[in-house]
Amino acid sequence: MSSAIIVIPCYNEEKRLEVLQFRKYVLQNPQHSFLFVNDGSSDRTALILDDLKDSNPDRFDVLHLTHNQGKAEAVRQGMQQALHAGVDFAGFWDADLATPLEMIPQFAAQLEQMPERSMVLGARVKLLGRQIERQQLRHYLGRIFATAASIVLQLPIYDTQCGAKLFRVNRENQCLFSTRFLTNWIFDVELLARARQLERFFDCPRLEDTVYELPLTCWKDVAGSKVKPHDFVKAFFELCSIYWRYLRPSLKLPYTQLPAHASAEETRKAA
């Protein structure tokens with residue numbers, strides 16, 4: 001079985017963090033571990049996470065940020081650590097467990113069975129036989145935004161914002177998290193825009209061939225979400241900044257470079 005580290009960004013999650021669910025999961029899936037990123041919480045989150053780590057230090061780790069930096073940076077710093085930890089896969093998951101932890105093996109199976117796949121993204125598709133519980137307003141706002149993101153990325157993606165994603169550990173995915181994001185709420189879109197740049201400047205495989213959307217069998221809105229309807233308005237402005245920074249046709253240089261061991265051909269093309 002493949003090994004994996006799942007990053008859990010946490011900000012003031014004292015009342016929502018289901019510690020028992022995490023403990024149960026690692027007992028059933030000993031090849032997987034969790035890295036909790038405490039994003040400068042002001043409640044008892046740090047104490048809860050430290051206690052969890054002490055209970056099983058082989059499966060739980062904690063990264064404490066000195067002050068609140070936002071979900072995007074918390075995920076980025078956690079993923080940087082996870083992608084260099086010697087595991088097969090690394091991903092991130094919402095702390096409220098809107099997507100149940102029991103879905104993680106299904107994500108991993110997609111990467112195990114299809115070597116050409118580089119990332120698996122959860123997709124909240126409400127179909128018969130699936131339990132997708134989402135507020136109606138947020139659902140329709142999300143569909144509008146997903147359509148706009150799909151157009152900007154030129155990628156037929158259904159759901160960019162689901163908080164469950166798993167990545168194969170390779171140099172391209174390490175590169176995606178190498179620098180701070182421009183955005184906070186829609187850094188998921190920015191990740192895909194960065195991948196588009198790697199595809200454009202370094203002849204990396206096409207996203208259409210490496211990204212897989214996995215329809216979730218279960219997902220539910222959890223009370224206390226920090227995403228509000230007005231954030232969708234801000235997200236459209238952030239989408240414009242992503243296009244201008246990464247995707248406009250006149251762009252001459254990528255946002256970053258592949259790691260130093262990139263081939264001579266890739267280096268020549270980027271020059």
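Helices (H or I, at least four residues) and strands (E, at least two) are DSSP runs, numbered from the N terminus. All the views below come from a predicted model, where local features need pLDDT of at least 70, side-chain atom pairs count only at pLDDT 80 or more, and totals for chains, interfaces and linings use all residues. Residues are numbered from 1 along each chain as its sequence is written, and side-chain values use heavy atoms, with hydrogens and water left out.

**View A. Gln154 sits in the loop between H5 and strand S7 (164-168).** This residue comes just after H5 and has a positive phi of about 55° although it is not a glycine. With a relative accessible area of 64%, Gln154 is exposed (buried means under 20% relative accessible area, exposed over 50%, partly exposed in between, with a 1.4 Å probe and protein chains only).

**View B. Here is helix H5 (residues 136-153), end to end.** Its 18 residues should span 26 Å at 1.5 Å a residue, and the end C-alpha atoms are 25 Å apart, which agrees; the expected span is 1.5 Å times one less than the number of residues. Buried residues in H5 include Arg138, Gly142, Phe145 and Val152.

**View C. Asp203 is in the loop between H7 and helix H8 (207-210).** Its phi is near 55°, a positive value in a residue other than glycine. Asp203 is exposed, at a relative accessible area of 53%.

**View D. The largest nonpolar core has 49 residues.** A nonpolar core is a set of buried Ala, Val, Leu, Ile, Met, Phe, Trp, Tyr and Cys residues joined through side-chain atoms within 4.5 Å. Met79, Phe92, Phe177 and Leu192 touch the most other members. Helix H7 (residues 187-202) gives the most to this core, with nine residues. Another core lies apart from it, with 35 residues, among them Ala95, Ile104, Phe107 and Cys162. In soluble globular proteins, nonpolar side chains tend to be buried together.

**View E. Val120 belongs to strand S5 (residues 119-123).** At 0% relative accessibility, Val120 counts as buried. Setting aside neighbours within four places in sequence, its contacts (heavy atoms within 4.5 Å) include Phe107, Leu111, Ala164, Leu166 and Tyr212. Thr210 is 90 residues away along the chain from Val120, yet their C-alpha atoms are separated by 8.6 Å.

View F. Phe22, Tyr25, Phe34, Phe36 and Phe60 form one aromatic cluster, and the structure holds 14 aromatic pairs. Rings of Phe, Tyr and Trp (its six-membered ring) pair if their centres lie within 6.5 Å; planes under 30 degrees apart count as stacked, over 60 as edge-to-face and the rest as tilted. The charged end of Arg143 sits over the ring of Tyr158, 3.8 Å from its centre, while Arg248 lies over the face of Trp244, at 4.3 Å from the ring centre. For a charge to sit over a ring, NZ of Lys or CZ of Arg must be within 6 Å of the ring centre and within 35 degrees of the ring normal.

**View G. Cysteines, but zero disulfides in the whole structure.** Cys175 is in no disulfide, and the nearest cysteine sulfur, that of Cys204, is 8.1 Å away; a disulfide is a pair of cysteine sulfur atoms within 2.5 Å. Cys175 counts as buried at 2% relative accessibility. The sulfur of Cys218 is 11 Å from the closest cysteine sulfur, in Cys162, too far for a bond. Cys218 is partly exposed, with a relative accessible area of 23%.
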